Amino acid sequence: MIIIIILIKIIILTLILIILIIIIIIIIIIVVVVVVVVVVVVVVVVVGVVVVVAAAAVVVVLVVVVVVVVVVSSLLHGHTSNSEVVVTAPAAAPPAAVVVVLVVVVVVVVVVVVVVVVVVVVVVVVVVVVAFVILHNGPPHETNFGYSYAKRMIDVQNKGYHMQHGCTFTSVIPTSVFGPHDNFNLEDGHVLPGLIRRAFDAKANGTPFVIWGTGSPRRQFIYSLDLGHLFLWVLREYTEVTPIILSAGAEAEISIREAADLVVGAVGYNGEVVVSF
């Protein structure tokens, strides 16, 4: 009888534990969904406001252009008053085609400016959202545990200084960097310098050029001197505490195999290329 009671208690406790786990999972899912919805709503609202303002600006510019055209046309054709009749030589009115071309040029310029403004705003919003959502999304990989947490703490420190002292410090998050004076060590070098070193050794030794892995993972790379210019831009122009990601555009993302092919061409290696997966 005692054993049965104990078993019943164990079953009840197990069911309670399962229910609690399910509730926790549901709460986590709800929180994630709410965060995503809020982010999407903020982005949509910002973009919507920009579009409305841009459309209003276009309308105002068009009205101004029409008024200017009408006034200029009236001045060129002369005028009459109630007290006297002024006879003037017929002025040469501007051809209708010229007026149309001017209006079209103004409209095109305005539209281009509006599009640029919208694109810039969208990019800034996306960068901010990515920085908030991704930067502290879970623990870092165990292979660079200390290094990653040290970088995360920079963001925490910057926010603390801003909240307590009003300081505007920020941090930058560059993508994979390559360039002069890189680390070409085969043991701890990064992707591109490692590929360059192996291609150089393969050419010098007449051995196959080996690409580690499948070569299918995709990466974004940025040249160190370009990154330096972006650092200067951040120092001069970026006024937010939120970390900013410095990388090439999404269209510049390439696979490891594509990067290896570029390295092979640059080094002038004509031997066998092997993918070791």
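A salt bridge is taken here as a side-chain nitrogen of Lys or Arg lying within 4 Å of a carboxyl oxygen of Asp or Glu. The structure is a predicted model, in which local features require pLDDT of at least 70 and side-chain atom pairs are counted only at pLDDT 80 or more, whereas totals for chains, interfaces and linings draw on all residues. Residues are numbered from 1 along each chain as its sequence is written, and side-chain values rest on heavy atoms, with hydrogens and water left out.

Side chains of opposite charge can pair when their charged atoms come close. By the above criterion, five salt bridges are present in the structure. One of them joins the side chains of Asp-155 and Lys-159, with an N to O distance of 3.5 Å. These two residues stand four apart in helix α3, so about one helical turn separates Asp-155 from Lys-159; helices (H or I, at least four residues) and strands (E, at least two) are DSSP runs numbered from the N terminus. Asp-155 is buried, because its relative accessibility is 2%, while Lys-159, at 29%, counts as partly exposed. In these assignments, buried denotes under 20% relative accessible area, exposed over 50%, and partly exposed the range in between (1.4 Å probe, protein chains only).

Asp-155 also takes part in the surroundings of Ser-171, with which Asp-155 is in contact. Ser-171 is located in the loop between α3 (145-165) and β1 (172-174). Its relative accessibility is 14%, and Ser-171 is therefore classed as buried. When neighbours within four places in sequence are set aside, the contacts of Ser-171 (heavy atoms within 4.5 Å) are Ile-154, Asp-155, Asn-158, Pro-243 and Ile-244.

Arg-197 has a relative accessible area of 31% and is partly exposed.

Arg-218 and Glu-258 also form a salt bridge, their closest N and O atoms being 3.8 Å apart. This pair links distant parts of the chain, since Arg-218 belongs to strand β4 (residues 218-219) and Glu-258 to helix α6 (residues 256-267), 40 residues apart. Both partners are partly exposed: Arg-218 has a relative accessibility of 40%, and Glu-258 one of 36%. Together with Glu-253, Arg-218 and Glu-258 are linked in a network of salt bridges.
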